[in-house]
Amino acid sequence: MRDPALARQTDLCVKCGLCLPVCPTYLKTQDENESPRGRLSLIQGWARTELEADPILKTHIDQCLLCRACETVCPAYVPYGEIVDRFKGETSHKPLATSWASRGRKFLIQKALNRAPGSDLETWMLAAGKSAPLRRLARWMGFGGLLEGLPPPSPWPTSLNPVNAATQKALEVQLFLGCTAGLMDRETVTSILLILERLGISVSIPPNQTCCGALDQHSGQTERAQKAIRQNIAAFSLAEATPPIVSFASGCGAMLIDYERIIKGGSAESFSRRFKEISTFLAAFPWPDGLLRPLDKTICLHTPCSLKNVLHQEQGARQMLQRIPQLKVVDLTPNTRCCGAAGTYMIDHQGMAEALQKDVIDAILQTGASAVVTSNPGCATHLRSGLVARDRGEIEVLHPVTLLARQLLKP
Ligand code: SF4
Ligand code: SF4
């Protein structure tokens, strides 16, 4: 037996197949190697020393989006995401059946993201996203629609602690930015600061925080992920009665609540316990009357897999948006699956990512909405690039908090 603990976890799967109708990769391929129970069987075979982690087996596992839709329907409560992370961590030294070019792209993306928000590289990438020749070059280099999907350049807030500079308010939050904030979500950061200020909530942004560690954790780089987790735990205040930790990227949130499982012990547990998803936090907060202007528009609500299947907090964004008078919020069809963004998946597995993106874009266009709101910057980037590719770039994709901030009446 190579890994008795992993063998025991995979043994939980009773091969009932209830997960097949919700698995995006199985639905596209009809191949059991691309299904939850198929992947669990492959990992089980490896853990029992019946199979080798050869490039083909590893690639079947890597082609999983980690959307975790399978976990939500599994009667045996198989901890699918945990199993895949562990397998990837233990076989990270073995190659995938992917090209060197693909590995190079992944390396570059991780380098671009693992930087302090507001860096020169981010500013350059945002500007490059508006240049047609550079966008074509990026496509030729295999970066798909990444540059096309970046939001319009927006200034990085010059003062990240504007509220604390004033008098301390009764309520305070600690804001987690994550490595995507500067590149993919600058306007959202500004919007959060604005809304919290108007609600009388102090914000602190711990300066030594870093990437949540999800990209490393889900690509088998366990040590690097743990280093990021420990840095974040040290950066935030975790003593009793310290403020909640608020995050606005649901992909980061799904990782932050997992710190207590990955790093056993008191501080990690305190960190995860303090986590609050921004929309859920704002929806539960009492808002004074007359804060928001009406908006006579129809917008479509996209719910990221991390928000629905991991955080289980999909109602927060809807409840928060219902505060905007006259706004009509429509849903995507109930069978809409993962959009294919999935961290670096949109770069690593472009064929599948674009096929899934197409389905979600079709569903968005069917609603007739003039804008899409989503709570994860990776999904927003992927959806924006899909809309541009269909010549529907006029349909804006934005974070629900950004839409709310735009409707704030002047004090
Ligand atoms: S639903 Fe759960 S138990 Fe059934 S096949 Fe899928 S993973 Fe296995
Ligand atoms: S996490 Fe998503 S893509 Fe992966 S096996 Fe489960 S349902 Fe399929």
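Visitor: How many residues of domain 1 are in contact with domain 2?
Guide: Eleven residues of domain 1, and they touch eleven residues of domain 2. Keep in mind that this is a predicted model.

Visitor: Which elements give two or more residues to the domain 1 side?
Guide: Those are α2, residues 24–29, and α5, residues 69–73.

Visitor: And what classes of residue are on that side of domain 1?
Guide: The side touching domain 2 has five nonpolar residues, plus three polar and three charged.

Visitor: Back up a bit: where do the two domains run in the chain?
Guide: The domain assignment puts domain 1 at 4–90 and domain 2 at 288–406. Their C-alpha centres are 28 Å apart.

Visitor: New topic, the sheet. What's the strand order in the open sheet of four strands?
Guide: Reading across, you get β6-β5-β7-β8, and the pairing is parallel.

Visitor: Which ones are the edge strands?
Guide: β6 (328–331) and β8 (396–398), since each of them pairs on one side only. From one strand to the next, the twist averages 30°.

Visitor: Which residue in β7 is the bridge partner of C300?
Guide: That's V372.

How values were computed
Residues numbered from 1 in each chain as written. Chains lettered and ligands numbered in written order. Predicted model: local features only at pLDDT ≥ 70, side-chain atom pairs only at ≥ 80, totals over all residues. Pairing = 2+ DSSP bridges. Axes fitted to C-alpha atoms, helices over the stretch in contact; angles between N-to-C directions. Domains from an automatic or database assignment. Contact = placed C-beta atoms within 7 Å. Nonpolar A, V, L, I, M, F, W, Y, C, P; charged D, E, K, R; others polar.
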